[in-house]
Each structure stands twice: as structure tokens, then as C-alpha cells.
Amino acid sequence: MATAAQNIITVRNPIKSALRLLQSVPQTRVEQAAKQLVTVVSSIAAMNDVAKNLIGCEKAELPEIRRKLTELKTREKQLKSMTDPTLVGMPIFSLVPLTWRRKDGMPYLAVFSIDSEKFEIAMVGERRYRADRGGSELSWQRTFNPKLSKDVLACYADVVEAVAKKARSSRKTTRLRAEFRGMMPTTVKQRIKEVKPLFQEIFIVTEVSDWKMETSPIPAPPKDPDPLVVGFDGTSYRLIAKFDTTSIEEAAADYLNLQ
């Protein structure tokens, strides 16, 4: 799985090495963020007033005002994170360790949701019968478990591409899997419960030594795949409709034609 884009290094203990990259937030930075937060909150209020008091000839500027408001609210969220008393005491975790790769190209570390023991990057193939073409059409969908944030997903971009490459070359659904094993101390569970309202997501980062790459054949579609819509009126089952499945593009075109 090795590619030039991977950060292939030798790390004896990935977790300890990741901990060395933790960064505490200096008090001066917290104080500066607090001052900036006051300014940003005032700017948001002022921008909202501008939006509310637009007259007819000014309304062409509304998209730009909304764009600036979005930027300000994003900045407000960042500054609140930097100044929250609970968060200030927590060191900042670097995402760099998630880019570390073993010699075989596999990640040293995996990210697990606190709600699931599974990590999976998959390229799922599907064959759909196309009556207009007299045969089947192969399409691909990338899936991730857990759902990863944009920044975290970027750390696994090379792995995602490697899974996709294997799927396309083998023309089989391909899944890269890992499983979290072990129990979490009660004190840690309680800590997670306490701080959960402060975060959009909480995940577990751990070393994985037994990655599993699995492939499975893509089933052929039925030759007459037209699904049926059936309704139950409390007494009997009745055929409502019969239809050909369509692609996403065709479905969008149908909606446009109905307008």
C-alpha cells in the first residue's frame, strides 16, 4: 500500500510519540483570545444590524454580508474554544501522528468513535441494471466508520486512495478494517460524560497492529430489477406502482422536469 504521499517512519511507541507533540495553551494566548472574542461578538452584532436595516437598493449586498457573518461566527467559535475555562486546561492534540505509516503503508494509529468498536474505510461497488443500455453499470461509493471530520479524514487520504485503487483493480468491494479491544476505566467514562457537551465529537486514538484488508464480489443485478411499491390498507396488500431504478442524475432531472 505504500505511496510517495505517505509519511512512512519507524515509531516504536506511537501513542507515547503522539503525547510528546501535545501543546499547552500559554496564558498570554488565552488573554489575547478573550480580547479578540469581545471584538468579534461586537462585529457580529453590528453586521446583524446592517443586514436588518438594508433598504431595497442595498439588498444585492446581502450575500456578502452573510458570508462575512459566517466567517465571524466561525472565528467566534474558535475563540470561545480557546477561552473556555475547562478547555484551556486540556492540551492540544496534534493530528500529525494520524499521518504516520508503517513500512507496509498501514497507519500506526486508528480513530474510533466512543459509540463503536469499529474503524472501516471501504470502497463499495454496486452493479445496477440499465435497461436503456441492455446491461449492468458498475458504480463505487466510499464509506467511513466512524464518520470522520474533514481534518481527520485528510490524514487518511492516502489510505482511502489505496483502498479505492485495490477495489478498482480487483473490481471487488474492498474494506480496510480495525477493531478496538479493551475496557475503559470508569473514571475515564465519567470524564467523557462531563466534557461531552463541550465537543462536537469525541474519539479514541489507539495503535492498531492487525489491520484487515477484505474484498468481496460485487453481486450482479437482477435482469428485471424493477421494484414494486406495495401498500397495506389493513386488510389486503395492493400494488401501487412499478418502476425502473434511476441514477442520482436521472432523479435530479426528473424533479426539474416536474417543476
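Is lysine 80 buried, partly exposed or exposed? At 46% relative accessibility, lysine 80 counts as partly exposed, where buried means under 20% relative accessible area, exposed means over 50%, and partly exposed lies in between (1.4 Å probe, protein chains only). The structure is a predicted model, in which local features need pLDDT of at least 70 and side-chain atom pairs count only at pLDDT 80 or more, while totals for chains, interfaces and linings use all residues. Residues are numbered from 1 along each chain as its sequence is written, and side-chain values use heavy atoms, with hydrogens and water left out. Helices (H or I, at least four residues) and strands (E, at least two) are DSSP runs numbered from the N terminus.

**Salt bridges**

- The structure holds 14 salt bridges, a salt bridge being a side-chain nitrogen of Lys or Arg within 4 Å of a carboxyl oxygen of Asp or Glu.
- Lysine 80 pairs with glutamate 76 in one of these salt bridges, with the closest N and O atoms 3.5 Å apart.
- Both lysine 80 and glutamate 76 belong to helix α3, where four residues, about one turn of the helix, separate them.
- Glutamate 76 is buried, at a relative accessible area of 17%.
- Glutamate 120 and arginine 175 also meet through their side chains in a salt bridge, at 3.1 Å from N to O.
- Because glutamate 120 lies in strand β4 (residues 118-130) and arginine 175 in strand β6 (residues 173-179), this pair ties together parts that are 55 residues apart in sequence.
- Glutamate 120 counts as buried at 14% relative accessibility, whereas arginine 175 counts as partly exposed at 22%.
- Within helix α7, arginine 191 and glutamate 194 are three residues apart, about one turn of the helix, and they form a salt bridge whose closest N and O atoms are 3.7 Å apart.
- Arginine 191 is partly exposed, with a relative accessible area of 40%, and glutamate 194 counts as partly exposed at 48% relative accessibility.

**Largest pocket**

- The largest pocket contains about 2000 Å³ of space.
- On a 1 Å grid over the protein atoms alone, a pocket is an open set of points where a 1.4 Å probe fits, with protein on both sides within 12 Å along at least five of seven lines, whereas a cavity is a set of points where the probe fits but cannot get out.
- Grid points are joined across faces, edges and corners, and the volume is the space filled by probe spheres set on the points.
- The lining of the largest pocket comprises 40 residues, and Pro91, Phe93, Phe199, Glu201 and Phe203 lie nearest the pocket centre; lining residues have an atom within 4 Å of a point.
- Two or more lining residues come from each of α1 (14-19), α3 (62-83), α4 (85-88), α5 (150-155), α7 (186-195) and β7 (203-207).
- Helix α3 gives the most to this lining, with five residues.
- By class, the lining has 27 nonpolar, five polar and eight charged residues.
- In this classification, Ala, Val, Leu, Ile, Met, Phe, Trp, Tyr, Cys and Pro count as nonpolar, Asp, Glu, Lys and Arg as charged, and the others, Gly among them, as polar.

- Helix α2 (residues 27-52) has 26 residues and should span 38 Å at 1.5 Å a residue, which agrees with the 38 Å between its end C-alpha atoms; the expected span is 1.5 Å times one less than the number of residues.
- Val30, Ala33, Leu37, Val40, Ile44 and Met47 are buried in α2.
- These buried residues of α2 pack against α3 and α4, contact meaning heavy atoms within 4.5 Å.
- In α6, the buried residues are Asp158, Val159, Val160, Ala162, Val163, Ala164 and Ala167.

- Arginine 171 follows α6 and is found in the loop between α6 and β6.
- The phi of arginine 171 is near 55 degrees, a positive value in a residue other than glycine.
- Arginine 171 counts as partly exposed at 45% relative accessibility.
- Asparagine 145 and proline 146 are joined by a cis peptide bond, with omega about 5 degrees.
- Proline 146 is located in the loop between β5 (135-145) and α5.
- Glutamate 137 lies in strand β5 and is partly exposed, with a relative accessible area of 28%.
- Although glutamate 137 and proline 221 are 84 residues apart along the chain, their C-alpha atoms are separated by 9.2 Å.
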